[in-house]
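My notes follow in the order I made them.

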Number of protein chains: 2
Amino acid sequence: MAKASDLHSDAARKRRNTTAEKIKQLILLSGLRPGDSIPTEPELCRELGVSRTSVREAMRTLTTLDIVEVQHGHGSRVGKMSLAPLVETLVFRGVLSSGDDLTALREVVELRSSFDQAMADQLISAHQGHDNQSLAQLVTQMKGKAAKGQTFMAEDRQFHAELLAPIPNKLAGQMVTAFWDVHTAVLPRLGLALPDDLCQTAQAHGDILEAVQSGNHDGYRTAVVRHYEPLLRMLDITAAWETQPENAAS
Amino acid sequence: MAKASDLHSDAARKRRNTTAEKIKQLILLSGLRPGDSIPTEPELCRELGVSRTSVREAMRTLTTLDIVEVQHGHGSRVGKMSLAPLVETLVFRGVLSSGDDLTALREVVELRSSFDQAMADQLISAHQGHDNQSLAQLVTQMKGKAAKGQTFMAEDRQFHAELLAPIPNKLAGQMVTAFWDVHTAVLPRLGLALPDDLCQTAQAHGDILEAVQSGNHDGYRTAVVRHYEPLLRMLDITAAWETQPENAAS
DNA sequence: CTTCATTTGTTCGTATGTATC
DNA sequence: CGATACATACGAACAAATGAA
């Protein structure tokens, strides 16, 4: 039993999965890049000397981390290593915290607000001499939908994505988008929706864009605060609603 | 368009692993909290109507996301939902990017610097009337080790953890600690070490602490910049070293 | 369009190490 | 120390999806 010795190895207890580490080392040693094909499961079994079940569990782990991507019936490729696992963890943390209060979700919103403030300099300098036609168009679309009482999830997400796009640090944009995905994924699962502050939110987007284009740091800061104001206010009243069951319909 | 692929992978992820979603729903409906016990694998098989292998793969996914924790031979419990998956993804992204240049690692360091800047107000207000004895002691230890040319990884990590501890938003501290873990995990795997800027780094920690205690916003900002200066400089020269193979020892 | 080989997804059976009593 | 329950691992078989002949 040569395999039994592997089970007793020290790394097996400390680290989660030795097979996953082997596959990661294989990717590194082979010089594979995101999008490149990964050997099939039988090939991995022979090269790593483990069973297909172990390979599959390791691949499941790496798939969860977006280190590999699998396509049923076709094969596996190196993943894009996105922030999807962060989003999934924070989403579940948010819906789980709805039992006591909404601190977990509030922390995400607060952190995103602070982070937006910190990106002021990079945003303004990155948008120098940049074309913002699509951003302005998104703002008008959001204002139009807000006036009709409609939500504008898609436009909101695309606005923030395009706003952060010209920043050289791509990780920053991914982080902001991840935070956006978290709180927009949690709110519907809690049965909540934005109140009648849609117009203020849409207007705040326009103010943010205008401040960034004109290089107005203070205006950007206040616009960001106004942008998150309705969301934080809703979290406040909802938390009070939770902690005061006298007003709750039950 | 990057958006189409994102939507595809998102939909594929949901379609692929329904067992993990069922287990998450079970945790939510049962009102379980982090640390509570989860039904055993045979019980999950009966309740969810799937095989042990499917339950195992789903548990592997949730374990990777730190939504559940497994104890060999004992059972499973609800996890702490930490940012460990984020760290693992960014670490692998960093070591993978060492092939071309070190942009991925640089982005992590830059983003951490931006985060530190964003935490200025909350840090200063949270440290009002707070005891910082252990923080000052950590600074003296770091300075002593730097003077002897020794590294101070443990003290560095504890310093940032304790510095962020009094902040009400716990997610912010976890995020900063996660970024610290990323770049300290990547650097050794690339065979790199900090140059002789140890004294400057140690001094920057002292300046950060002093600025936070005295409520000096500008001093905090400049101290944070000096704190990351040696690290960014090393990334610069290493990237230049990589792109100019004439100077590289084959 | 159909057929077929390849690859991943799922299930079952079995054996072994590990922790608790 | 032994017994029990559990997690871990291996192997085989079949189902589903993809792509090419």
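In which sense do strand 1 and strand 3 of chain B pair, and over how many bridges? I find them antiparallel, with 2 bridges joining strand 1 to strand 3 (residues 75-78). Ile38(B) has Ser76(B) as its bridge partner in strand 3.

Conventions, noted once. The model is predicted, so I keep to its rules: local features need pLDDT of at least 70, side-chain atom pairs count only at pLDDT 80 or more, and totals for chains, interfaces and linings use all residues. Residues are numbered from 1 along each chain as its sequence is written, chains are lettered from A and ligands numbered from 1 in the order in which they are written, and side-chain values use heavy atoms, with hydrogens and water left out.

Sheet, chain B. I read an open antiparallel sheet of 3 strands in the order 1-3-2. Strands here are DSSP runs of E of at least two residues, helices are runs of H or I of at least four, and both are numbered from the N terminus; two strands pair if DSSP finds at least two bridges between them. Strand 1 (37-38) and strand 2 (68-71) are the edge strands of chain B, each pairing on one side only. Helix 4 (residues 52-64) of chain B lies across strand 2 and strand 3, at about 115° to strand 2. That angle is between N-to-C directions, from 0 to 180 degrees, with axes fitted to C-alpha atoms, for helices over the stretch in contact; contact means heavy atoms within 4.5 Å.

Sheet, chain A. I count 13 helices and 3 strands in chain A. The strands form an open antiparallel sheet in the order 1-3-2. Strand 1 (37-38) and strand 2 (68-71) of chain A each have a single partner strand, so one side of each lacks a neighbour in the sheet. Strand 2 and strand 3 (residues 75-78) of chain A are joined by 4 bridges, and Val68(A) stands opposite Val78(A). Helix 5 (residues 52-64) of chain A packs on this sheet, touching strand 2 and strand 3.

Burial. Of the 250 residues of chain A, 48% are buried, that is, under 20% relative accessible area with a 1.4 Å probe, protein chains only; exposed is over 50% and partly exposed lies in between. Cys199(A) is partly exposed at 46%.

Interface. Glu57(B), Phe92(B) and Leu96(B) supply 13% of the area chain B buries against chain A, more than any other three residues.

Conventions: Buried area = accessible area lost by both parts, 1.4 Å probe.
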